[in-house]
Amino acid sequence: MAATPLSAVLTGDLVASRKASRAQAERAMAALSEAARDFGTSRKMDLRFTRFRGDGWQVYLSDPTYALDAALYLITRLRGEATEVETRLSAGIGPVVTTGTNDLSDADGDAFYISGDHLEIIGKRQRMVVAGKGIGPFQAAVFELVDHISAGWSPAQAEAVAMAMTERYATQDDIAEVLGITRQAVQSRLAAAGYAFLHDALHAFRTYDFGEAAS
């Protein structure tokens, strides 16, 4: 991947959080924080997960090519936890001036503004959108398609997809062992989720050259 001065920022909030109990909201935020930590560890990045007052949150990606991977992973991890609370998010691609001091609460840069602004106008049924430098119809359409496909996943399917997206579980046998099910059951969940096709979409976004967009 070409080096680029661009970064990605994911800004999100909990969906219908006012209908959830405080315990459900706290559990959802804990799941998102843990998912961000695990994603960052596997990609050698510090996502600096930051929770804002109420139900808002934000993460930073030094490499924008992982924006779709991170968006899908956070959404699937939360759904796989069966917290009965979902999240929606906006990925903003652009330069970042500072990632803040202790967390992202005082961070600055176009990526933060783009991400926050587009979360405000996200569609009612949408769970993920992307905008910013280097984002054209192709990239936006990939996000929209992945969002549409993942919207129909059960918690069990989402859990299997989230595990398949990490290097911790190299094979379906590894996933099966952790979940206490057969490899065939894992294969069935991933097939029903259409993961093989999503894998190609994730790869296409990950190998996109944002360096040209930054120039």
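Reader: How does the radius of gyration of the protein chain compare with that of a compact globule of 215 residues?

Author: The radius of gyration is taken over C-alpha atoms, and the globule rule is 2.2 Å times the number of residues to the power 0.38. For 215 residues a compact globule would have a value near 17 Å, and the protein chain has 16 Å, which agrees. Along the principal axes, the C-alpha atoms fill a box of roughly 50 × 40 × 30 Å. This is a predicted model, in which local features need pLDDT of at least 70 and side-chain atom pairs count only at pLDDT 80 or more, while totals for chains, interfaces and linings use all residues. Residues are numbered from 1 along each chain as its sequence is written, and side-chain values use heavy atoms, with hydrogens and water left out.

Reader: How many helices and strands are there in the protein chain?

Author: Helices (H or I, at least four residues) and strands (E, at least two) are DSSP runs, numbered from the N terminus. The protein chain has 9 helices and 5 strands, in the sequence order β-α-β-β-α-β-α-β-α-α-α-α-α-α.

Reader: How is the packing of two helices described?

Author: One gives the angle between their axes and the distance between the axes. Axes are lines fitted to C-alpha atoms, for helices over the stretch in contact, and angles run from 0 to 180 degrees between N-to-C directions. Helix 1 (residues 22-42) packs against helix 2 (residues 67-80) at about 140°, the axes being 9 Å apart. These two helices are therefore oblique to each other; angles under 35 degrees count as roughly parallel, over 145 as roughly antiparallel, 65 to 115 as roughly perpendicular and the rest as oblique.

Reader: At what angle do the axes of helix 6 and helix 7 cross?

Author: The axes of helix 6 and helix 7 (residues 183-193) cross at roughly 105° and come within 8 Å. Helix 6 and helix 7 are therefore roughly perpendicular to each other. Their contact (heavy atoms within 4.5 Å) includes Asp173 and Ile175 of helix 6 and Val186 and Leu190 of helix 7.

Reader: Where is aspartate 173 placed, and what is its relative accessible area?

Author: Aspartate 173 lies in helix 6 (residues 172-179). Its relative accessible area is 45%, so aspartate 173 is partly exposed; buried means under 20%, exposed over 50%, and partly exposed in between, with a 1.4 Å probe and protein chains only. Between aspartate 173 and valine 186 the C-alpha to C-alpha distance is 8.2 Å, at a separation of 13 residues in sequence.
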